[in-house]
Amino acid sequence: MCFYILNLLVQKLEQLNQYPDFNNYLIFVLTRLKSEDEPTRSLSGLILKNNVKAHYQNFPPLVADFIKQECLNNIGDSSPLIRATIGETACLLQNTSPSVP
């Protein structure tokens, strides 16, 4: 039963990745939705990081630029967990994209 639920979650995430704005939503939750708890914000960042790793080449330029800018603007978040998540995503972006502003 647990495997079934996990499989449904993976399928749902893949469906959501068909929408370009999904990654905008993830970076928004990570960097701007301060009313959410840290684990929720960090999970959003982890999903985003995995999406960058797997699908970055398919991101529209405006989405990629927004994610890069948000990472740079929020690398100094007050939460160590959020800073670490943003830092990991920024490093992955640096290694994945041809240029980071």
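Of the 101 residues of the chain, 35% count as buried. Buried means under 20% relative accessible area, exposed means over 50%, and partly exposed lies in between (1.4 Å probe, protein chains only). The model is predicted: local features need pLDDT of at least 70, side-chain atom pairs count only at pLDDT 80 or more, and totals for chains, interfaces and linings use all residues. Residues are numbered from 1 along each chain as its sequence is written, and side-chain values use heavy atoms, with hydrogens and water left out.

The chain exposes about 6,400 Å². Carbon and sulfur atoms supply 62% of that area. Accessible areas come from the Shrake-Rupley method with a 1.4 Å probe; for residues, only the protein chains shown count as cover.

The fold is helical, with 5 helices and 0 strands. From the N terminus on, the order of elements is α-α-α-α-α. The radius of gyration is 14 Å, close to the 13 Å that the globule rule gives for 101 residues, so the chain is as compact as a globular protein of that length. This radius is taken over C-alpha atoms, and the globule rule is 2.2 Å times the number of residues to the power 0.38. Helices (H or I, at least four residues) and strands (E, at least two) are DSSP runs, numbered from the N terminus. Along the principal axes, the C-alpha atoms fill a box of roughly 45 × 30 × 20 Å. Among contacts with a separation of 6 or more, 64% join residues 24 or more positions apart. A contact means heavy atoms within 4.5 Å.

The largest pocket was examined next. Rolling a probe the size of a water molecule over the atoms shows where empty space is left. On a 1 Å grid over the protein atoms alone, a pocket is an open set of points where a 1.4 Å probe fits, with protein on both sides within 12 Å along at least five of seven lines; lining residues have an atom within 4 Å of a point. The largest pocket holds about 160 Å³ of space. Grid points are joined across faces, edges and corners, and the volume is the space filled by probe spheres set on the points. The lining consists of Leu13, Phe22, Tyr25, Leu26, Val29, Leu33, Thr40, Leu43, Ser44 and Ile47. By class, the lining has 8 nonpolar, 2 polar and no charged residues. Nonpolar covers Ala, Val, Leu, Ile, Met, Phe, Trp, Tyr, Cys and Pro; charged covers Asp, Glu, Lys and Arg; the others, Gly among them, are polar.

Leu26, one of the lining residues, is found in helix 2. Leu26 is buried, at 3% relative accessibility. Leaving aside neighbours within four places in sequence, Leu26 is in contact with Ser44, Ile47, Leu48 and Asn51. Of these partners, Ser44 and Ile47 also line the pocket.

Arg41 lies in helix 3. Arg41 is charged by class, yet buried, with a relative accessible area of 4%. Beyond four places in sequence, Arg41 contacts Val29, Leu30, Thr31, Leu33, Lys34, Glu36, Asp77 and Ile82. Its C-alpha atom is 22 Å from that of Ile5, 36 residues apart along the chain.

Ser42 also belongs to helix 3. Ser42 is buried as well, at 12% relative accessible area. Not counting residues up to four places away, Ser42 touches Leu30, Leu81, Ile82 and Thr85.

Helix 4 (residues 61-74) contains Leu72, and Lys68 lies in helix 4 too. Lys68 is buried, with a relative accessible area of 6%, whereas Leu72 is partly exposed at 41%. The C-alpha atoms of Lys68 and Ile27, 41 residues apart along the chain, are separated by 9.5 Å. For Leu72 and Phe22, 50 residues apart, the C-alpha separation is 19 Å.
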